[in-house]
Amino acid sequence: MLDRLAARERRRRPTDEGLLARARELSAKFLDGKADPASVRWVDNQQHRWGSCTPENGTIRISTRLKGLPEWVIDYVIIHELVHLLVPSHGPAFWRLVEQYPRAERARGFLEGFSAAAQTPPEEC
């Protein structure tokens with residue numbers, strides 16, 4: 001039981017290396033491996049975004065405010081940023097790719113509710 005709880009906690013609080021590995025898994029599963037980030041790391045300086053991406057160099061940053069949230073919510077933010085490696089804008093092609101993640105709508109709702117509960121403006125990825 002303790003081993004299972006520890007494994008669950010590691011998934012909810014992955015290291016930077018764990019984030020990169022998870023991003024590659026998600027890309028393979030939902031984006032046919034087309035999004036290949038150079039790095040994915042936690043950052044403390046994002047107060048108004050859940051994540052950000054620089055397509056030019058393939059770097060993705062995930063806000064540390066997500067640490068401890070459900071894995072499927074973190075996965076959504078990673079997917080959102082992975083898609084930016086393929087489609088920089090938030091147009092229809094972007095959202096079609098994001099929606100390949102089955103919990104995309106639910107995760108967006110979770111994050112909106114999380115922001116509302118914290119009495120902060122809605123966040124962006």
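Two strands are taken to pair if DSSP finds at least two bridges between them. Helices (H or I, at least four residues) and strands (E, at least two) are DSSP runs, numbered from the N terminus. The structure is a predicted model, in which local features need pLDDT of at least 70 and side-chain atom pairs count only at pLDDT 80 or more, whereas totals for chains, interfaces and linings use all residues. Residues are numbered from 1 along each chain as its sequence is written, and side-chain values use heavy atoms, with hydrogens and water left out.

The chain contains five helices and three strands, arranged from the N terminus on as α-α-β-β-β-α-α-α. Of its 125 residues, 41% are buried, where buried means under 20% relative accessible area, exposed over 50% and partly exposed in between (1.4 Å probe, protein chains only). Among contacts (heavy atoms within 4.5 Å) with a separation of 6 or more, 52% are between residues 24 or more positions apart.

The three strands form an open sheet of mixed pairing, in the order β1-β3-β2. From one strand to the next, the twist averages 20 degrees. Strands of a sheet pair through backbone hydrogen bonds, either parallel or antiparallel. Five bridges join β1 to β3 (residues 59–63) in the parallel sense, with Arg41 opposite Arg61 of β3. By contrast, β2 and β3 run antiparallel and are joined by four bridges; here Arg61 in β3 is the bridge partner of Ser52. Four residues separate β2 from β3 in a hairpin, and Gly58 in the turn has a positive phi of about 75 degrees.

Within strand β3 lies Ser63, a buried residue with a relative accessible area of 1%. When its neighbours within four places in sequence are left aside, Ser63 is in contact with Trp42, Val43, Gln46, Arg49 and Trp50.

Helix α2 (residues 16–30) lies across β1 and β3 and runs at about 135 degrees to β1. Helix α3 (residues 71–86) also packs on the sheet, where it touches β1, β2 and β3, and its direction makes about 20 degrees with that of β2. Of the 16 residues of α3, 14 are buried, so the helix is largely enclosed by the rest of the structure. From its first C-alpha to its last, α3 reaches 23 Å, close to the 22 Å expected at 1.5 Å a residue; the expected span is 1.5 Å times one less than the number of residues.

Helix α5 (residues 104–117) has 14 residues, which should span 20 Å at 1.5 Å a residue, in agreement with the 20 Å between its end C-alpha atoms. Its buried residues are Ala104, Ala107, Leu111 and Ser115. Seen down the axis of α5, these fall within an arc of 75 degrees, so they line one face of the helix; the arc is that of the directions from the helix axis to the C-beta atoms. The buried residues of α5 pack against α3 and α4 (92–98). On the face turned away from the buried side are the exposed residues Glu105, Arg106, Glu112, Ala116 and Ala117.

Aromatic pairs were identified among rings of Phe, Tyr and Trp (its six-membered ring) with centres within 6.5 Å; planes under 30 degrees apart count as stacked, over 60 as edge-to-face and the rest as tilted. Five such pairs are found in the whole structure. In one of them, the rings of Trp72 and Phe110 have centres 5.6 Å apart and planes at 75 degrees, so the pair is edge-to-face. This pair links distant parts of the chain, as Trp72 in helix α3 and Phe110 in helix α5 are 38 residues apart. Trp72 is buried, with a relative accessible area of 15%, whereas Phe110 is partly exposed, at 28%. Together with Trp50 and Phe114, Trp72 and Phe110 form one aromatic cluster.

Most residues other than glycine have a negative phi. The phi of Asp32, in contrast, is positive, near 55 degrees. Asp32 is exposed, with a relative accessible area of 64%.

Conventions. Axes are lines fitted to C-alpha atoms, for helices over the stretch in contact, and angles run from 0 to 180 degrees between N-to-C directions.
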